[in-house]
Amino acid sequence: MKRMRGWHRFLYGLPIILLLTHLFSVKELQQNSQKMEPPKKLNNKFDHLVLGPAAGQGLSNRLQCQGTKALNRTHGSSGRSTLEDGVAFVTVFTIYNSSVNIADDKALKTVVGSASYNKVERSMAILNTFINFIKVAMPRSNVIILTDPKSDLSVQRSQVTLYPIQGEYSRDKLMLQRIRSYIDFLDSRHKMLSQRPGNVTHYIFTDSDIAVVDDLGQIFHEHPNFHVALTFRNNKGQPLNSGFIAIRGTPDAILRAKLFLQDVLRIYRTKYMKASRMLGDQLALASVVKSKPQFDANRFSKAVPFTEDIGGTSVLFLPCAMYNWTPPEGAGQFHGMPLDVKVVHFKGSRKRLMLESWDFYSSSLDIPDMLCLILASGRTKYDF
């Protein structure tokens, strides 16, 4: 009987023993899984460089890399552009120091190479890197920054001008404001040229997260008759990217460009205000272009420049693969990096890669090797 009572106690206690064993195993598994997670990975975005195989290897017209060493050379300009006219870059950028809580400054620190930045410093580092690349590829070019008059922005760089324009620069209205700022700037340029004709300066309107890696003056030399140039890719929903718009600097071209962008703004306001924070401008651009009867959108599938008259404006379409190359598209539809690439766009969560690329170039002074680093990053997303 005593033995039976002992067995009963054991059987009653067995479920408790099994439950405790299970809980201990689960806890140990969780601890081990936490240890196995890759370090420095935040929500599938990395705070350090992540490199893998470079796309396009084995293709004769693509950059070939061994690690970060270029095995062939990109078809960069053999010398500076022979274009007699000037080329100026125009971007919209604003910053407010009050947006950073000084008490949380340490938590906001970002480290790239030997430098560390808080949130405002990081934004300024991107702007300065944008300017740095222009000064390497096109040292004679000026940079014009369209900004909010209330902004705390201050840039002490040669050949860089701040151009305040009143407007609404909040994050959810910034894309809309960008088009307004472009229109206001072009209007002022046209009035100035009407009153004081002089040397022609062409304008390239870009996002501030691009790297110019070759001279772009040849656009205006090789295509002498366009008013506005846009970049396209093989994407049915969003074939045009607004991060690069070139405008010829003659009075007629500036006027035509202004009228064209006013049409884009009108379509933006009437059809795409729900996408005002992102993509609305690109959708409006595509809508204006495709409004032309018999416009052949199939030409967006081939990376070959072409020209169309859109409502009286001569629009030159340039392939993104060459003039607006991005890492994810390079890893995908572009099949690597063309040897004649001229602009790299670090859109989305790739601003860290932009700073890392400049840090790499600063020590190597080799553009093709730097492009291998960018190409090897592929579709990697970073913490900013």
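This is a predicted model: local features need pLDDT of at least 70, side-chain atom pairs count only at pLDDT 80 or more; totals for chains, interfaces and linings use all residues.
## Pockets and a sheet

The second largest pocket here holds about 280 Å³ of space. A pocket, on a 1 Å grid over the protein atoms alone, is an open set of points where a 1.4 Å probe fits, with protein on both sides within 12 Å along at least five of seven lines; residues with an atom within 4 Å of a point line it. The volume is the space filled by probe spheres set on the points.

Numbering starts from 1 along each chain as its sequence is written, and side-chain values use heavy atoms, with hydrogens and water left out.

Back to that second largest pocket: 19 residues line it, and Arg 62, Ala 303, Pro 319, Ala 321 and Pro 338 lie nearest its centre. Helix 7 (residues 320-323) gives the largest share of this lining, three residues. Helices (H or I, at least four residues) and strands (E, at least two) are DSSP runs, numbered from the N terminus. By class, the lining has ten nonpolar, five polar and four charged residues.

Now for the largest pocket, with about 1400 Å³ of space. Its lining takes in 42 residues, and Arg 171, Leu 174, Met 175, Asp 209 and Lys 351 are the ones nearest the centre. They split into 14 nonpolar, 15 polar and 13 charged. Which helix gives the largest share of this lining? That's helix 2, with five residues. Strand 5, helix 3 (174-195), strand 13 (240-247) and helix 6 (280-290) are also among the elements that supply at least two residues each.

Eight strands form an open sheet in the order 9-8-5-10-13-12-15-14, with mixed pairing. At the edges sit strand 9 (160-164) and strand 14 (306-310), each pairing on one side only. On average, neighbouring strands of this sheet are turned by 25 degrees against each other, direction ignored. Two strands pair if DSSP finds at least two bridges between them.

| Strands | Sense | Bridges | Residues facing each other |
|---|---|---|---|
| Strand 5 and strand 10 | parallel | five | Phe 89 and Ile 204 |
| Strand 5 and strand 8 | parallel | five | Thr 91 and Ile 145 |
| Strand 10 and strand 13 | antiparallel | four | Tyr 203 and Ile 247 |

Is strand 5 mostly covered or uncovered? Strand 5 (residues 86-92) is mostly covered, with six of its seven residues buried. Buried means under 20% relative accessible area, exposed means over 50%, and partly exposed is in between (1.4 Å probe, protein chains only).

Helix 6 lies across strand 12 (228-232), strand 13, strand 14 and strand 15 (313-319), running at about 70 degrees to strand 13. Angles like this one run from 0 to 180 degrees between N-to-C directions, using axes fitted to C-alpha atoms.

Finally, take a look at Tyr 96, in the loop between strand 5 and strand 6 (110-112). Why does Tyr 96 count as partly exposed? Because its relative accessibility is 28%. Tyr 96 touches Val 120, Asp 148, Lys 150, Ser 151, Asp 152 and Tyr 169, leaving aside residues up to four places away in sequence. Touching here means contact, with heavy atoms within 4.5 Å. Tyr 96 and Ser 151 are 55 residues apart in sequence, yet their C-alpha atoms are 5.7 Å apart in space.

Definitions and conventions. Ala, Val, Leu, Ile, Met, Phe, Trp, Tyr, Cys and Pro count as nonpolar, Asp, Glu, Lys and Arg as charged, and the others, Gly among them, as polar.
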